[in-house]
Amino acid sequence: MEFCLRPAKTPAFPQEVLKDAYAMPTAAYTPYTRVNTHSELGGSTALLYEVLAEHYHPGLKVEGEESNLAYVLRGLRSLISSGKEPAMKVGPIWGHPMTASAFAVAKATPAIWDQLSDEEKEKIDWLMRAFVVTCSWATADQNDYRTGPCLAGNYSKHWNPNHISPSVIPILMAVSYFGSADTVNEILTGFSYDDFMETFQRLGFTNILRSWSAAGKMLFETGGDCYLQNCETLTPAGHGKGVKFPYVYRGMPLADTDAIFRELLDHNTRGGKVVNRIDGEGGQCAYQPTGESPVTGRDGMMTEFNSHDAFGIRSDVNYCACNFSILVPSLTAGIALGLWDPASPANAETSERTVVSITDFFYKLFHGYVSFSKGKPHVFTEENGVHGGYRFAKALWLDALGGKIE
């Protein structure tokens, strides 16, 4: 088996997968659910799939359907509608990287971008600015806020990949969208909380207004100690310096998108050598009941197969599916936009580990791995355990990144 990524120069987008994308709920967010409703995650991933299809095959049409472009424009216009825009929260908000990627690829695709009005482009511009600020709050080296601007908690930049990737990928997409890392950093250094909030009010972005109002001006602009608002007693939630400085992630400047993408992929493959059983205290265990992974013993098992949560060990196919569904579509977009170079010698080891990790993930998903998370065993399948975005990530793995399923 070959352990390297071989992205297609012109990926295929099978009609049956596009039909599945068209059948998904139109991408939209709500401030009232914490994370990942079907329209947020599934709808946003379907939209990104459609946008990538239009990018590589302008004018694409599936028999019996409207044009692919019609679905793309419907999804983009939904996301910039008042009360349907991303709320710019922080944590396992898996639709955020899909949405930011869709905006960035759409701007790089004249067949899409030329169909939008100046007012629509302005709204997308401000959503991408909001993504930039949210990512800086959540993941910049100078900050260690253990919550998003909504001050509701459930976040640390030191946690597992499904928390971290959604708050790094959008700012990488912004480098393409705005043309350079310098321009993105100028958005941060020139940030004015009052100006942003006034603009969100004018554009009708009520979800963001609701989310960012909790933190207020000081935490965004100058930083300080942060406290949760949803607790009966004063609960500390970290410390930060705001967002008014150039973005640096784990010592890497924003201009080095290739290195930051590499780090995100590596963060997803830090589970050690591939094994077929994980044991914890008190009899906790996750295991492959029959057979063994074809890459057993190779380095690069997914982090979520060998991690912990508040209840003990976490070795969970479903969490691995979430990370797969975040990274594969985002990586496909990143390659299309020139943000990550799969042919670079610096990325060879990461490419190998990524192939190992996903090969192992598919084997365990298809062969009934007994997962363990949140203190309980689980068995997940494609039918009962993966979210709506997985379908499109799987297609991109096979048709865009040159991956296989063993």
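**Figure 1. Buried residues of helix H3.** The buried residues of H3 are Asn68, Leu69, Tyr71, Val72, Leu73, Gly75, Leu76, Ser78 and Leu79. Buried means under 20% relative accessible area, exposed over 50%, and partly exposed in between, with a 1.4 Å probe and protein chains only. That makes nine of the 12 residues, and H3 is mostly covered. Helices (H or I, at least four residues) and strands (E, at least two) are DSSP runs, numbered from the N terminus. H3 covers residues 68-79, and its end C-alpha atoms are 17 Å apart.

The model is predicted: local features need pLDDT of at least 70, side-chain atom pairs count only at pLDDT 80 or more, and totals for chains, interfaces and linings use all residues. Residues are numbered from 1 along each chain as its sequence is written, and side-chain values use heavy atoms, with hydrogens and water left out.

**Figure 2. Asp194 and Lys217 in a salt bridge.** Their side chains meet at 3.0 Å, N to O. A salt bridge is a side-chain nitrogen of Lys or Arg within 4 Å of a carboxyl oxygen of Asp or Glu. Asp194 lies in helix H10 (residues 193-203) and Lys217 in helix H12 (residues 216-221), so the pair ties together parts 23 residues apart in sequence. Asp194 is partly exposed at 34% relative accessibility. Lys217 is also partly exposed, at 40%. The structure holds 15 salt bridges.

**Figure 3. Arg298 and Glu352 in a salt bridge.** The N to O distance is 2.8 Å. Arg298 sits in the loop between strand S7 (285-287) and strand S8 (307-309), while Glu352 belongs to helix H15 (residues 348-366). The two are 54 residues apart, and the pair links distant parts of the chain. Arg298 is partly exposed at 31%, and Glu352 is partly exposed at 33%.

**Figure 4. A buried salt bridge, Asp309 with Arg314.** The closest N and O atoms are 3.6 Å apart. Both residues are buried.

**Figure 5. The largest nonpolar core.** Such a core is a set of buried Ala, Val, Leu, Ile, Met, Phe, Trp, Tyr and Cys residues joined through side-chain atoms within 4.5 Å. Of its 136 residues, Met128, Met173, Phe200, Trp212, Phe324 and Phe361 touch the most other members. Helix H6 (residues 118-139) gives the largest share, 11 residues.

Conventions
The expected span of a helix is 1.5 Å times one less than its number of residues.
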